[in-house]
Amino acid sequence: MRYAETGYYLEIDLARGNIERVETDPRLTELHLGGLGTSVKLHWDRVLPETKPFDPENLLIFSTGLLNGTPAFSANRTLVTFISPQSGLLAYPMMGGFWSAELKYAGYDKVIFRNKSPKWVYIWIHNDKVEIRDASHLKGKGALETQDLIREELKEPRAQVAAIGLAGENRVFTASIEQSRSSASRLGGGAVMGDKKIKAVAVRGTKDVYLARGAEFMEHMEEVTEYIKFRNTNPIPDVMTILSGIGSPQEMKHTDEKWHTENFMWGNARTRRRDFWSKPNEENWTTTQLTAIQRLISCFNCPQQCGALVSSESVGGRKYMMKCFGKLTYSMAAYVDDLRFNFRILQRATEYGVDSFSTPQILAFAVELYEAGILTDKDFDGCPSDKEGRFFWLLDRVARREGIGDVLADGVYYAARKIGKGAEKFDHNTVKKHEQLPLKLGMLDPIYFLMYSTNEKISITQIEGNFPQAAFPTREQREAFVKDWLQVPDERFKQYVLEWEPRGDNAIPYFPTPEMCSEIVDWMEMLHNIDDALGLCAGMGSFCLKPPYHIHNYPKLISAATGMDIDEAGLKKIVNRSRNLHRAFNNRRGMTRADEKPPEDHWKRRFPELEEQLLSTYYKFKGWNMDGIPTRERLVELDLGYVAEDLEKRGILKDGQN
Amino acid sequence: MAKIKKKIKTIKIDADKCNGCRACEIICSAFHATPKYSSSNPARARVQVISRRLKNIWLPVFAGEYAPAECMGRDKYVIDGKEYDECGFCRASCPSRDLFKEPDSGLPLKCDMCESDPPLSEPMCVQKCLNDVLTYEEREEEVEEEVKPADVEIGLESMIDKYGLEKVTDTFARMSASKNV
């Protein structure tokens with residue numbers, strides 16, 4: 001019997017219509033756990049570096065994590081992996097919601113899609129019965145609308161459905177995969193799904209997920225539960241409200257947006273509006289949010305309430321679900337002070353199925369180009385002249401790939417190069433061709449420099465986490481913070497926080513030192529890699545300060561769940577293995593040190609020499625050569641000798657030069 | 001008939017607070033697994049959160065009595081403009097729907113308030129609902145004594161309803177014969 005996992009993958013060849021239930025090797029779990037870990041392994045084994053995002057050979061994998069479907073709170077993430085049409089690298093956007101647990105209950109750990117369907121289809125997975133069904137009648141339907149239509153058609157209200165909208169159908173590079181209150185948004189999974197002509201994947205499962213030592217598992221969960229209750233009633237003092245709690249940023253609950261509106265950039269990551277949070281604006285934003293949100297909602301088995309059901313005549317009257325920063329990204333990108341606009345356009349964007357981080361920036365980029373005379377009236381023919389109307393019009397064009405929308409649909413990086421005439425200069429907020437959070441700051445932050453530059457996630461909001469974002473002003477505050485900091489993997493991190501000051505010798509950019517920064521970043525990404533292998537929401541582990549899940553209780557939970565006895569060192573080794581395999585996969589596709597840099601204007605004050613030193617120190621710490629490629633020694637140590645051989649064969653790793 | 005004191009156990013459901021996470025379903029199925037916590041499967045849970053997300057319906061319903069036949073008619077409620085499914089509030093495991101039935105055997109499920117030895121302070125679903133949707137209450141009432149059928153009896157009764165007494169007896173006889181070999 002298999003524990004925590006089901007031990008089966010579902011392999012679907014869309015070209016031949018062939019469906020197979022394949023038993024997996026338990027050894028894979030020992031080496032890579034599950035979720036991101038085992039998915040990366042599949043891509044490494046089966047996707048050649050020459051494969052392009054829209055080639056039939058590009059695998060699209062929907063994966064559960066090791067703990068999905070167990071009673072572990074917040075283990076609900078679905079991981080989608082594919083070569084991104086935007087970055088050309090292995091992307092792994094995730095979504096919460098209900099899908100992955102349902103897949104486990106249906107008896108599968110992953111669904112692996114290869115090749116392309118000749119016509120539009122949706123997949124219906126109902127325990128052992130799996131069908132590829134015609135979806136021609138669903139073409140053009142909204143991503144949310146499709147989910148309910150499929151449930152009705154199947155007469156199965158409890159089916160969980162992941163679907164794409166028009167944007168995915170049209171292979172828009174920022175197309176998302178929508179499911180319940182969640183979406184896998186970043187880097188164009190919806191486009192790959194659309195390219196394969198999969199409109200949706202519906203699942204219903206009624207089988208058991210087993211635990212090896214259930215009673216012991218529940219004892220550990222009891223501690224986690226108590227800590228969740230403690231954290232929900234004890235927010236962390238001296239940090240911004242948004243960082244004080246646990247869960248994904250509580251954007252649906254909190255109405256105070258002074259910090260985001262005045263510190264994040266408006267437009268195409270362009271303007272900081274330090275006086276935005278005036279009385280009338282505060283009133284408009286608060287009223288809009290409180291009126292529009294009908295109910296706060298959760299993902300599967302999670303006590304937090306990071307999502308919301310939106311329904312109000314004041315914002316168009318059409319119901320949809322919202323989460324996180326989607327609440328404000330469109331208003332801010334369009335320079336529209338009225339938050340009702342954001343609530344209205346997000347409804348349409350959700351049905352189209354587009355990433356609410358990248359897409360508003362792409363639209364703002366187009367507006368900037370128009371104002372600069374690079375795009376002309378001809379490109380904007382038929383576009384309303386008001387800010388709101390313009391954004392709606394542009395969103396429609398992008399989702400439909402009509403006119404200028406067809407160019408913009410490839411994202412800022414590619415659009416800028418296609419448009420030319422100096423448009424490249426307006427592409428000032430991408431890393432590895434992917435739009436970043438609209439933040440422009442003063443002083444170089446060495447920790448963030450490393451995270452922006454080096455993580456395979458390519459999205460800062462899902463890299464950062466357990467370490468404070470900034471130094472606490474006073475010694476007392478620092479002492480108070482580290483006092484009950486049980487999550488640290490090593491006591492020395494407490495010392496770093498104690499010594500870290502907002503100004504002076506022990507301040508950024510030179511403190512924490514490059515060595516300390518390497519350790520801190522390594523800790524962050526280790527936690528994210530664990531969460532992503534387990535299918536745990538980062539909001540309860542890697543993404544927030546003092547979370548309920550951490551390096552000291554993950555091994556206990558994994559051991560009790562699976563029966564494999566894993567300690568902290570063993571767990572670190574497993575995720576380090578996955579991290580290096582992922583890196584090698586991307587290296588094999590051409591990624592090197594030259595690609596590892598934040599946007600040029602991300603900080604006003606840059607320190608080229610220090611930055612090089614940071615990167616080199618971190619590479620060395622990770623066991624990578626100065627090109628950012630894992631050395632043979634590191635790979636062999638992680639049982640990845642076959643990867644070293646492959647990299648050497650391709651001339652990416654050169655013998656004796658490491 | 002003699003009057004006896006009976007403990008009335010109630011779970012108060014504040015559906016307006018429900019965020020639809022289904023933690024109640026998961027813990028219910030894990031608690032009732034044999035051995036305890038050895039597996040989880042919400043389809044076996046004795047509580048189901050009826051979710052119609054875009055209709056703003058999240059409604060935890062607990063499994064009640066097994067009903068061998070469906071009602072003569074169906075009911076449909078509209079509350080605050082929200083239309084609930086047919087029999088939406090009904091707790092019965094009945095032939096009209098697949099709710100509250102073991103997914104493999106089809107046997108009826110019924111909430112037992114997590115009766116166990118030693119007794120729990122409150123049922124597991126109440127303990128694991130951190131949003132206070134479920135509140136456990138106890139009171140004593142004087143009632144007339146009655147004989148309560150055991151789980152096995154309910155299960156057998158539903159099998160007899162489904163397959164007929166003869167078939168169940170035959171199967172039982174055959175199985176006991178083969179087990180005794």
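This is a predicted model: local features need pLDDT of at least 70, side-chain atom pairs count only at pLDDT 80 or more; totals for chains, interfaces and linings use all residues.
Visitor: How is chain B built, and in which order do its elements come?

Guide: Chain B has 4 helices and 7 strands, and from the N terminus these elements follow one another as β-α-β-β-β-β-β-α-β-α-α. Along the principal axes, the C-alpha atoms of chain B occupy a box of roughly 60 × 40 × 35 Å, and of its 181 residues 30% are buried. Where contacts in chain B link residues at least 6 apart in sequence, 62% of them join residues at least 24 apart.

Visitor: Why is B:Cys87 called buried?

Guide: The cut-off for a buried residue is 20 or more other C-beta atoms within 10 Å; B:Cys87 has 20 C-beta neighbours inside 10 Å and therefore counts as buried. This residue lies in the loop between strand 6 (82-83) and helix 2 (124-128) of chain B.

Visitor: What makes B:Phe100 a buried residue?

Guide: B:Phe100 has 27 other C-beta atoms within 10 Å, and because the cut-off is 20 or more, B:Phe100 is buried. B:Phe100, too, is placed in the loop between strand 6 and helix 2 of chain B.

Visitor: What is there to remark on in the phi values of B:Cys87 and B:Phe100?

Guide: Most residues other than glycine have a negative phi. Against that background, phi of B:Cys87 is near 55 degrees, which is positive although the residue is not glycine, and phi of B:Phe100 is near 60 degrees, again a positive value in a residue other than glycine.

Visitor: Which peptide bonds are described as cis, the one from A:Phe511 to A:Pro512 and the one that joins B:Thr34 and B:Pro35 among them, and with what omega?

Guide: Most peptide bonds are trans. The bond from A:Phe511 to A:Pro512, however, is cis with omega near -5 degrees, and A:Pro512 belongs to the loop between helix 19 (492-499) and helix 20 (514-534) of chain A. In chain B, the bond between B:Thr34 and B:Pro35 is cis as well, with omega about -10 degrees, and B:Pro35 sits in the loop between helix 1 and strand 2 of chain B.

Visitor: What makes up the side of chain B that touches chain A?

Guide: In chain B, 22 residues are in contact with 33 residues of chain A. The elements of chain B that give two or more residues to this side are helix 1 (23-31) and strand 2 (39-40), with the largest share, 4 residues, coming from helix 1 of chain B. Sorted by class, the side of chain B that touches chain A has 11 nonpolar, 8 polar and 3 charged residues.

Visitor: How do you know that strand 14 of chain A and strand 2 of chain B pair?

Guide: Pairing requires at least two bridges, and strand 14 (residues 209-210) of chain A and strand 2 of chain B have 2 bridges, in the antiparallel sense, so the two strands pair. Within this pairing, A:Tyr210 stands opposite B:Ser39 in strand 2 of chain B.

Visitor: Why are strand 15 and strand 17 of chain A said to stand at the edges?

Guide: The open sheet has 3 strands in the order 15-16-17 of chain A, with antiparallel pairing. Strand 15 (293-297) and strand 17 (320-323) each have a single partner strand, so one side of each is left without a neighbour in the sheet. Neighbouring strands of this sheet are turned by 30 degrees against each other on average, with direction ignored. Strand 15 and strand 16 (residues 307-310) of chain A pair in the antiparallel sense over 4 bridges, and A:Ile297 stands opposite A:Gly307 in strand 16 of chain A.

How values were computed
Residues are numbered from 1 along each chain as its sequence is written. Chains are lettered from A and ligands numbered from 1 in the order in which they are written. A residue is buried if 20 or more other C-beta atoms lie within 10 Å of its own, exposed if 12 or fewer, and partly exposed in between; C-beta atoms are placed from the backbone. Two residues are in contact if their C-beta atoms, placed from the backbone, lie within 7 Å. Ala, Val, Leu, Ile, Met, Phe, Trp, Tyr, Cys and Pro count as nonpolar, Asp, Glu, Lys and Arg as charged, and the others, Gly among them, as polar. Axes are lines fitted to C-alpha atoms, for helices over the stretch in contact, and angles run from 0 to 180 degrees between N-to-C directions.
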